[in-house]
Amino acid sequence: MPPRISLFPKCYFDALVDGTRSFEQWIRDAATLGGEGVEHYDGWFRSFEPKDVDPIVRTMEETGQVTSMICFSPDFTHPDGDERTRQVERQKAAIDLTVRLGARHCRTLSGQRHPGMSRDEGVARTLDGIRRSLDYAAKRDVVLCMENHYKDGTWRYPEFAQPEDIFLEIVEQIDSAHFGVQFDPSNAVVGGFDPVAFLEKVKDRVVTMHASDRYLAPGATLDDLKTRDGATGYASALKHGVTGEGMNDYDAIFRILSSVAFGGWISIEDGMDGLGEIARSAEFLRQKRAQYYGE
């Protein structure tokens, strides 16, 4: 089965979090953009109670769309043990939301790169949080997808497992049918490593993918991202653009994915200059899918 194309509105992320843009209207807009599924971020829901979730379910049904996955950002590396336990409970709640929306994949992360935390502490905390969450995911038949991530838009510090070697150290210690990798080529670039070489290392573990293309703002460098440590939000030095028109080699990516018969969701992160960008990204991915998987 070939991969399916999902949509995630990076352009509306903040407005959907703070409620200044209608979640339901975004879903109606998404139905016109050529995707086959819609990815949701847990922070777009005012709560996980039926009064806030059911309208989203109804709008998805009314527009004939399906939920591809839930984008969730646990902070398993938090220095306070009680807070780490709360993050596990948050992850469990996101797993329940995944089931309620009819999806099977829920993103997970390591957590923030908190000051004063050693590498060993960060790895141990991440493994503990994911393993405690995996027990629940298995009961609900949900797959946790750990993304090679840069930084959640609501976080103060970047991702602890952003470096390739730390990410691989964690993933290689988790063996579960309910755990896999969410590959993001742009985040690999930001992390300072080759996304194609990285994909070769994790290709048999990839269950979902984020498709975006990144650009550096005029005059910015990748080193500028390092100065963002301690600043809430996403780095202004980093720009999203139309998939296929940026830094990433999507021919190499699709060759590798097709070689292992990857059939999961590929979710577009795009639209910073309007919804037309998302439609163009979807068309580009459909062309690549046809090229490497057949019509």
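Helices (H or I, at least four residues) and strands (E, at least two) are DSSP runs, numbered from the N terminus. The model is predicted: local features need pLDDT of at least 70, side-chain atom pairs count only at pLDDT 80 or more, and totals for chains, interfaces and linings use all residues. Residues are numbered from 1 along each chain as its sequence is written, and side-chain values use heavy atoms, with hydrogens and water left out.

**Two loop residues with positive phi**

A261 sits in the loop between α9 (250-259) and β10, and D141 in the loop between α5 (119-140) and β5 (143-147). Neither is glycine, yet phi is positive in D141 and in A261. Accessibility is given as relative accessible area: buried means under 20%, exposed over 50%, and partly exposed in between (1.4 Å probe, protein chains only).

| Residue | Phi | Relative accessible area | Class |
|---|---|---|---|
| D141 | near 55 degrees | 40% | partly exposed |
| A261 | near 55 degrees | 60% | exposed |

**Strand β7 and its partners**

Strand β7 (residues 206-211) is largely enclosed by the rest of the structure, because five of its six residues are buried. Two strands pair if DSSP finds at least two bridges between them. β7 pairs in the parallel sense with strand β6 (residues 179-183) over three bridges, and Q182 has T208 of β7 as its bridge partner.

**Nonpolar core**

A nonpolar core is a set of buried Ala, Val, Leu, Ile, Met, Phe, Trp, Tyr and Cys residues joined through side-chain atoms within 4.5 Å. The largest one has 70 residues, of which W26, I170 and L285 touch the most other members. Contact means heavy atoms within 4.5 Å. Leaving aside neighbours within four places in sequence, L285 is in contact with residues including A211, I268, I5 and F254.

**Cavity**

A cavity is a set of points on a 1 Å grid over the protein atoms alone where a 1.4 Å probe fits but cannot get out; lining residues have an atom within 4 Å of a point. Grid points are joined across faces, edges and corners, and a volume is the space filled by probe spheres set on the points. The structure holds one cavity of 30 Å³ or more, and the largest cavity has about 120 Å³ of space. Its lining has 18 residues, and K10, R107, H149, K151 and E269 are the closest to its centre.

Technical notes:
On a 1 Å grid over the protein atoms alone, a cavity is a set of points where a 1.4 Å probe fits but cannot get out, and a pocket is an open set with protein on both sides within 12 Å along at least five of seven lines; lining residues have an atom within 4 Å of a point.
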